[in-house]
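User: I would like to go through the labels on this model. Please back each one with its value and cut-off.

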Amino acid sequence: MRCVIARYPFDLTKSEVEQSMRGIKPEDVVGVSVTIGRRTYPVMQVGEVITRQDRRDFTAGEVRRALVRLGFTCHEAPPAPSVDLPAPWETTATPWT
């Protein structure tokens, strides 16, 4: 399938993407991710591998569209962990110590 990523056309197939990602350790997922085989990769990592371009040259949306068209399952960014901060009056430290 012909896909355009970072203004460059690529002829990609699902099996070629799977073969390219074989043996590559997934980075920590921070944004949009894609499931390839039994692993979940950040789409930017996959884009870098399949296009051989720097990640700054393309967007996650471009790679995600291409991967969805190829039949991969993409996932939204995981929700940010909530941080429970104590209220100012609940702190044990006093300002004058």
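**Fold and labels**

Analyst: The model is predicted. Along the sequence, its elements run β-β-α-β-β-α-α-β. That pattern holds 3 helices and 5 strands.

User: Why is Cys3 called buried?

Analyst: Buried means under 20% relative accessible area. Cys3 has 3% relative accessibility, so Cys3 counts as buried.

User: What makes Cys74 buried or exposed?

Analyst: Its relative accessible area is 14%. The cut-off for buried is under 20%, and exposed needs over 50%. Cys74 is therefore buried.

User: How many disulfides does the structure hold?

Analyst: The structure holds 0 disulfides. The label needs a pair of cysteine sulfur atoms within 2.5 Å.

User: What share of the protein is buried?

Analyst: Buried residues are 30% of the 97 residues.

User: Which residues line the largest pocket, and what makes them lining residues?

Analyst: The lining consists of Glu18, Met21, Arg22, Gly23, Ile36, Gly37, Arg38, Arg39 and Tyr41. A lining residue has an atom within 4 Å of a pocket point. The volume of this largest pocket is about 170 Å³. Both α1 (14-21) and β4 (39-42) supply at least two residues of its lining.

User: What is the lining of the largest pocket by class?

Analyst: It has 4 charged, 3 nonpolar and 2 polar residues. Gly counts as polar here.

User: What share of contacts join residues at least 24 apart?

Analyst: The share is 51%, among contacts between residues at least 6 apart in sequence. A contact means heavy atoms within 4.5 Å.

Conventions. Residues numbered from 1 in each chain as written. Predicted model: local features only at pLDDT ≥ 70, side-chain atom pairs only at ≥ 80, totals over all residues. Heavy atoms only, no water. Buried < 20%, exposed > 50% of the residue type's maximum accessible area, 1.4 Å probe, protein only. 1 Å grid on protein atoms, 1.4 Å probe; cavity = no way out; pocket = protein on both sides within 12 Å on 5 of 7 lines; lining within 4 Å. Points joined across faces, edges and corners; volume = space filled by probe spheres on them. Helix = DSSP H or I, 4+ residues; strand = E, 2+ residues; numbered from the N terminus.
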